[in-house]
Each structure stands twice: as structure tokens, then as C-alpha cells.
Amino acid sequence: MSKQIQEQLDIGKARIVQAPASNENEARQSVVVDRTFEIPTGVYAATVGCYLAFIGTMFVAFQSPGLVIPMVIFALFVVAGFGVPTIWTRLKTNSTAMPLSWGKFAREGIMTNTGRLNAGEATIQILILPVLIVLWGLAAVTIAALV
């Protein structure tokens, strides 16, 4: 809307109208927001568990007094990073959007950017990176133990 519309106003193609009346006391939310990511709570918890398992594995394998504070900070970042979206799903303004139940997840799957995935495909897609990170951590610990 950076160009002048006076010509369109003059020939009748555009018109100026009053702003719609609004009640100042009502809370405005023009868009219904679903912050559940359409995944069941168990899959979400498994993701968090994998990341925390990696941090725990590294902490146990490479115990050092100097690593206590960084590992606690890493764990807090993981908990905060996954905790904030969990809190979003429990807000009053988000009361219509709940995480999918296992039954609905198994029946319908979830919609992704590349199309609908069934429950197995979606679970693999969601958990592949966290599981690989745990396996990478176990490999690193094994290599460190053998060397």
C-alpha cells in the first residue's frame, strides 16, 4: 500500500470505509493457534528423554568437577526448550488444541510439509535425530573407553 490511490478513488474503483467497531474490553485473538505440534505426549516425552539421556551419558562417562555446572546448564536448556511449548498447550487461550491421543495419532497420523504421515512414519521422523544423538553419545563413550 505504498502508492497513492487518489486516481482509483476519483474513478470509483476504491472507497474509504470506516474501521469496524470493536469492544475495547474483549481480548483480541484473530487466529486460532495450535501449539501442540500434533504429536502425542509420549512421543514428545521420548524426544526430551533422548536429549537428557545424551547429556546424562556424557556426564557419567566423563565425570569431572568442572563439567557439573555445564551439564546442569545443558539439562536446564533442554527442559526449558521443551517445557515452554508444554506450557503453551496448557494456556487458557489454547484450550481447544490438545495433543493428539495415541488412538487418533494411530488412525490419522499427522500432516507434514511434504504430506500426511501415518503414526509409524511420523514417530520415526520425529525421533530419528534424538535417537541418533544418543547413539552418537554412546559411540563417543565407547571410543573414549577403548582408547
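Visitor: What percentage of the 147 residues in the protein do buried residues make up?
Guide: The model is a predicted one. A residue counts as buried when its relative accessible area is under 20%. Of the 147 residues in the protein, the buried share is 21%.

Visitor: Which pattern does the protein follow along the sequence?
Guide: The protein contains five helices and two strands. Read along the sequence, these elements give the pattern α-α-α-α-β-β-α.

Visitor: What share of the contacts with a separation of 6 or more joins residues 24 or more positions apart?
Guide: A contact here requires heavy atoms within 4.5 Å. Among contacts in the protein with a separation of 6 or more, the share from residues 24 or more positions apart is 67%.

Visitor: How far apart are the end C-alpha atoms of H2?
Guide: H2 has 21 residues, and at 1.5 Å a residue it should span 30 Å. The distance in the model agrees with this expectation, the end C-alpha atoms being apart by 30 Å.

Visitor: Against which helices do the buried residues of H2 pack?
Guide: The buried residues of H2 include Val43, Tyr44, Cys50, Phe54, Thr57 and Met58. Their packing partners are H3, helix H4 (102-108) and helix H5 (119-146).

Visitor: Is Gly137 buried or exposed, and which residues does Gly137 touch?
Guide: Gly137 belongs to helix H5 and has 0% relative accessibility, so it counts as buried. Gly137 and Phe54 are 83 residues apart in sequence, yet their C-alpha atoms are 5.9 Å apart in space. Leaving aside residues up to four places away in sequence, Gly137 touches Phe54, Thr57 and Met58.

Visitor: Which residues are the closest to the centre of the largest pocket?
Guide: The largest pocket holds about 150 Å³ of space. Of its 13 lining residues, the closest to the centre are Thr41, Tyr44, Thr86, Arg90 and Pro99.

Visitor: How many charged residues does the lining of the largest pocket have?
Guide: Helix H2 (41-61) and helix H3 (68-89) each supply at least two residues of this lining. By class, the lining has seven nonpolar and four polar residues, and its charged residues number two.

Definitions and conventions: Residues are numbered from 1 along each chain as its sequence is written. This is a predicted model: local features need pLDDT of at least 70, side-chain atom pairs count only at pLDDT 80 or more; totals for chains, interfaces and linings use all residues. Side-chain values use heavy atoms; hydrogens and water are left out. On a 1 Å grid over the protein atoms alone, a cavity is a set of points where a 1.4 Å probe fits but cannot get out, and a pocket is an open set with protein on both sides within 12 Å along at least five of seven lines; lining residues have an atom within 4 Å of a point. Grid points are joined across faces, edges and corners, and a volume is the space filled by probe spheres set on the points. Helices (H or I, at least four residues) and strands (E, at least two) are DSSP runs, numbered from the N terminus. Ala, Val, Leu, Ile, Met, Phe, Trp, Tyr, Cys and Pro count as nonpolar, Asp, Glu, Lys and Arg as charged, and the others, Gly among them, as polar. The expected span of a helix is 1.5 Å times one less than its number of residues. Buried means under 20% relative accessible area, exposed over 50%, partly exposed in between (1.4 Å probe, protein chains only).
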